[in-house]
Structure formats: structure tokens, C-alpha cells
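This report describes pockets and the residues that line them. The sequence and structure are shown below.

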Amino acid sequence: MGKFIVGVIIGILLVPAVFYLYVRSGYAPVATSAPPMPFERFFAKTALHATLNREAPKTHTTTASRGELLAGVQVYRDNCAVCHGLPGKPRSPVARGEFPPPPQLFEPAHMVTNDPVGVTYWKVKHGIRLTGMPGFQTSLTDEEIWNVSLLLANADKLPADVSQTLQAPLTPALPAKPSAPPATKPDHGQK
Ligand code: HEC
């Protein structure tokens, strides 16, 4: 019996001790280019799905007006495109450096058109821990979050003009020559 208890105590202490040594070893993956940590994917995905089942609003329909979609495009281009991309455009440098990689939400393989719109709304509002997905609760209004969620829910059937607005280049090219006058050399007070 005594041996059994000692065994249990060693067992209980061993797991955190090994975990601690692993984290301190310098070999645990922390770079975005490193593979996932043991249990990272399990923890991130399972915990997320359980929370979504409990909290994501379930009643909103995916039917959206043209106005809601266009408003969603504005929100998307300003806040999301840098990571989630635009249709037919290469990934941005930010998107290429993230772990986990942000899904390109207008590529057919990554679209969230089959997700209930309330699930997308929850993700945009609260973000997803242990990924680069920010929560927008404090920076977007509820209406803006619904609009961008509706846009994503309808990503495979957008009206032509909405699609066109979405695809316009994100940043206008900088002018070739700076218009500021050439800098004058400072004289450092030497006369
Ligand atoms: C800094 C980069 C970044 C920005 C900005 C960002 N996201 Fe994300 N987003 C991510 C990453 C990374 C994931 C993947 C999370 C994962 O693997 O679970 C993600 C996941 C998602 C998902 C879930 C996709 C799926 O397949 O389940 C949705 C929906 C989403 N983002 C919408 C948005 C919207 C809408 C915005 C703008 C309001 C936005 N994101 C802004 C990085 C970003």
C-alpha cells in the first residue's frame, strides 16, 4: 500500500516536472515556423468547438441585402484582408508568416459558407486563442461584425458588383517620385 501511494505521488509529480523541463529545454516550438506543440491543435480545436456549441448565436439567417454585403466588404478590406486575402490575389507577407496559417476565406477550399453565420460572428467577435485570429469586440460594432460574417457566409454567391468592390487593389501605388522638396544638409552649427 505504502509503495502504491509513493508511486501515485511520483506519478503526479512526474508529469508537471517533465512538462516543465520540456518548456525550459529550449526545444519547445515557439517560432511561427515550428510544428505545433504536443496537444496544441487538440486543445485549440476541441476547446473552441465546445465553446462554439455553447455560445454561438443560432438564429441569424445567411440571407443578406446588397447593402449589408457592401458594408461587409468595407469591414473585410480594412480589417481582415491582410491575413485572409482577397479573391485571386497572392497571400500577403503577414499571412505567409503566421502560424497557424490564416485560411484564405475567398478560396473555395477555405470558404466558411457551410458554417452557421452565428459561428463566424462568434469567431470574429471573440477571436481564437493560440492562433493569430484577433477578437474584434472592442474595435468593430455588432452590426459591422454581422455584415462581415454575412459576406463570408455568401462568399461563393456574391453579386458581381460586390465581388468587384472586394477585389479592388488594397493600397493605391505610391507616387514614383516623392513630392517633398529634397532635404537640405544640416550644418551642425559649423560656420
Ligand atoms: C492577424 C491576422 C488575422 C486577421 C487580421 C484576421 N484573422 Fe481571422 N483568422 C486568422 C487565423 C490565423 C485564423 C485561423 C485560426 C485557426 O486555425 O483556428 C483565423 C480564422 C478565422 C475564421 C475561422 C475560419 C474557419 O475555417 O473556421 C474566420 C471566420 C475569420 N478568421 C474571420 C476573420 C474576419 C472577418 C476578420 C476581420 C474582421 C479576421 N478574421 C481578421 C488570422 C486573422
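## Second largest pocket

Helix α2 contributes six residues to the lining of the second largest pocket, the largest share; helices (H or I, at least four residues) are DSSP runs, numbered from the N terminus. Both α2 and α6 supply at least two residues of this lining. A pocket is an open set of points on a 1 Å grid over the protein atoms alone, where a 1.4 Å probe fits, with protein on both sides within 12 Å along at least five of seven lines; lining residues have an atom within 4 Å of a point.

The second largest pocket is lined by 15 residues, and Phe43, Ala44, Ile128, Arg129 and Leu130 lie nearest its centre. Its volume is about 370 Å³, a volume being the space filled by probe spheres set on the points, which are joined across faces, edges and corners.

## Basis of the model

This is a predicted model, in which local features need pLDDT of at least 70 and side-chain atom pairs count only at pLDDT 80 or more, while totals for chains, interfaces and linings use all residues. Residues are numbered from 1 along each chain as its sequence is written, and side-chain values use heavy atoms, with hydrogens and water left out.

## Largest pocket

The largest pocket holds about 930 Å³ of space. Its lining comprises 39 residues, with Lys45, His84, Pro103, Ile128 and Met133 nearest the centre.

Helix α2 (40–55) is one of the elements that each supply at least two lining residues here, together with α3 (66–79), α4 (81–84), α6 (117–126) and α7 (142–153). The largest share, seven residues, comes from α2.
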